[in-house]
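Good morning, and thank you for coming. I would ask you to keep the sequence and the structure in view while I speak.

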Amino acid sequence: MKILVPVKRVVDYNVKVRPKADGTGVDIANVKMSMNPFDEIAVEEAVRMKEAGTATEVVVVTAGPAAAQETLRTALALGADRAVHVECDMELQPLGVAKLLKAVAEKEAPQIIILGKQAIDDDANQTGQMLAALLDWPQATFASKVTVADGKLTVMREIDGGMETLQMSLPAVITTDLRLNEPRYATLPNIMKAKKKPLESMKPEALGADIAPRLSFLSFAEPPKRQAGVKVADVSELLAKLKNEAKVL
Ligand code: AMP
């Protein structure tokens, strides 16, 4: 069974991004970029399935500029077998990515596609759902446990006040939630080995997908600054403030 894992290169989660002075975008010049954290979880899950003998091959794919190949190499160092780079310098939106991934899925014919539930840069949370719809495959989003047995996929998801268990036939699309697993770190020997693993590059035109942006961003702004706090002398002053100023008592 082949598993396809789409991974996105995003601003590292430790970086505090700032809007550009004119509000037309976010300033990402010279900031650290990394694999989207939910995609690390997706790679880990696919690699674990291979280690358990459920899967035979893990293929990772990204759509993005030349530098996105670093993210593919990271995924290869984490245990993926092969990588596909759809090289594209223009701005990509979730529908465009989903169309590219559909075309790659049609070429690769995986039984499972595991994506992150959302990319932490745009927080769109759309690509997996759109991809499942375009392929007309069943989908299990926000997975916290995945098992494959007898040609069926069982996925547990955390929902308000409990767990939901879904069962579906393959091929299917899964998106990962935070608690699905704890991704491993790439070891130095595996980083070296990853340099020799196959990485195929292609242009979006070769996949015949219309990736023109459909949304336009009007402006980006920082959230309002928090007001400074005050120190109170004792509990009665605190209660008085909660009652008379905050009016929450
Ligand atoms: P989003 O819908 O943008 O929040 O992204 C959800 C998931 O779609 C990510 O966690 C990735 O698995 C996948 N994805 C988004 N953008 C790309 C991209 N440019 N290349 C490959 N996978 C992507």
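I begin with helix 1, whose buried residues are Phe-38, Asp-39, Ile-41, Ala-42, Val-43, Glu-44, Glu-45, Ala-46, Val-47 and Met-49. Please bear in mind throughout that this is a predicted model.

Does the length of this helix agree with its residue count, or disagree? Helix 1 covers residues 37–51, which is 15 residues. After helix 1 comes Gly-53, which has a positive phi, near 85 degrees.

Let us now turn to the ligand. Which residues are closest to the ligand? The ligand is surrounded by 17 residues, and the closest are Asp-39, Ala-119, Asn-125, Gln-126 and Thr-127. Asp-39 was also named among the buried residues of helix 1.

By class, this shell consists of eight nonpolar, seven polar and two charged residues. Two strands, strand 6 (57–64) and strand 8 (112–116), each contribute at least two residues to the shell. Strand 6 gives the most, with three residues.

For Asn-125, a polar backbone atom is 2.7 Å from a ligand oxygen. For Gln-126, the corresponding distance from a polar backbone atom is 2.8 Å. Pro-6 has a backbone N or O atom 2.8 Å from an oxygen atom of the ligand. On its own, the ligand has 480 Å² of accessible area, and the protein covers 98% of that area.

I shall now consider two individual residues. Lys-2 belongs to strand 1, residues 2–6. Its side chain forms a polar contact of 2.7 Å with the side chain of Glu-108. Leaving aside residues up to four places away in sequence, Lys-2 touches several others, including Thr-56, Val-59, Arg-82 and Ile-112.

The second residue is His-85, in strand 7, residues 82–87. Is His-85 buried or exposed? A residue counts as buried when its relative accessible area is under 20%; His-85 has a relative accessibility of 0%, and therefore counts as buried. Its side chain makes a polar contact of 3.1 Å with that of Gln-69. Beyond four places in sequence, the residues that His-85 touches include Thr-62, Leu-72, Leu-199 and Met-202. By contrast, Gly-23 lies 62 residues away along the chain, and the C-alpha atoms of Gly-23 and His-85 are separated by 31 Å.

Conventions:
Residues are numbered from 1 along each chain as its sequence is written. This is a predicted model: local features need pLDDT of at least 70, side-chain atom pairs count only at pLDDT 80 or more; totals for chains, interfaces and linings use all residues. Side-chain values use heavy atoms; hydrogens and water are left out. A residue is near a molecule or strand if one of its heavy atoms lies within 4 Å of it. A polar contact is a pair of N or O atoms within 3.5 Å; within protein, one must be able to donate a hydrogen and the other to accept it, and residues adjacent in sequence count only if both atoms are side-chain atoms. Accessible areas come from the Shrake-Rupley method with a 1.4 Å probe; for residues, only the protein chains shown count as cover. Helices (H or I, at least four residues) and strands (E, at least two) are DSSP runs, numbered from the N terminus. Ala, Val, Leu, Ile, Met, Phe, Trp, Tyr, Cys and Pro count as nonpolar, Asp, Glu, Lys and Arg as charged, and the others, Gly among them, as polar. The expected span of a helix is 1.5 Å times one less than its number of residues. Buried means under 20% relative accessible area, exposed over 50%, partly exposed in between (1.4 Å probe, protein chains only). Contact means heavy atoms within 4.5 Å.
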